[in-house]
Amino acid sequence: AAQRRGRLSMRRLLVPLLVILIGAVTLWQQQAGPGRPATDLPAEALSTIELIRQGGPFPHRQDGRTFGNREALLPEEARGYYREYTVPTPGSPDRGARRIVTGGSPPSSWYYTDDHYRSFSPIDPDEESLP
């Protein structure tokens with residue numbers, strides 16, 4: 001009986017520990033260094049990065065507008081810190097799901113999403129890493 005209670009106690013501890021671990025990993029990924037190199041992104045994302053660096057012109061009126069971070073997946077910042085830009089999706093009849101979100105002016109944080117803000121990857125748009 002004592003052994004069974006011990007196993008139940010361990011199980012009760014395991015769930016909160018897993019939740020904490022998953023949260024810590026997620027936070028670490030969001031705050032981790034410069035992220036994956038831009039060259040790992042689709043060619044359309046590289047073109048969008050170049051447009052952002054040039055200040056446009058952008059193909060969609062929404063490009064360059066404030067991204068509200070309502071999903072709270074990016075580090076918390078003051079309203080207006082993040083801007084979003086469309087990454088064209090070949091074959092899509094609309095803007096598609098791919099975006100680059102930048103933080104700061106000039107941008108010092110860069111993120112890529114290919115699932116319409118359900119997840120983000122930090123990216124490194126360093127000009128030396130671009131083709």
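**View 1. Tyr 111 and Phe 120, both of them buried (under 20% relative accessible area, where over 50% is exposed and the range in between is partly exposed, with a 1.4 Å probe and protein chains only).** The model is predicted, so that local features need pLDDT of at least 70 and side-chain atom pairs count only at pLDDT 80 or more, whereas totals for chains, interfaces and linings use all residues. Residues are numbered from 1 along each chain as its sequence is written, and side-chain values use heavy atoms, leaving out hydrogens and water. Tyr 111 and Phe 120 form an edge-to-face pair, with 6.5 Å from centre to centre and 85° between the planes. Ring pairs link Tyr 111 and Phe 120 with Phe 67, Tyr 81, Tyr 82 and Tyr 117 into a cluster.

View 2. Thr 102 is buried, at a relative accessible area of 1%. Beyond residues up to four places away in sequence, Thr 102 touches (heavy atoms within 4.5 Å) Ile 52, Tyr 81, Tyr 82, Arg 83, Tyr 85, Pro 107, Ser 109 and Trp 110.

**View 3. Ser 108 in the loop between β3 and β4 (109-113).** Ser 108 counts as exposed, with 58% relative accessibility, and, neighbours within four places in sequence aside, is in contact with Tyr 81 and Gly 103. The C-alpha atoms of Ser 108 and Asp 124, which lie 16 residues apart along the chain, are separated by 9.7 Å.

Notes:
Rings of Phe, Tyr and Trp (its six-membered ring) pair if their centres lie within 6.5 Å; planes under 30 degrees apart count as stacked, over 60 as edge-to-face and the rest as tilted. Helices (H or I, at least four residues) and strands (E, at least two) are DSSP runs, numbered from the N terminus.
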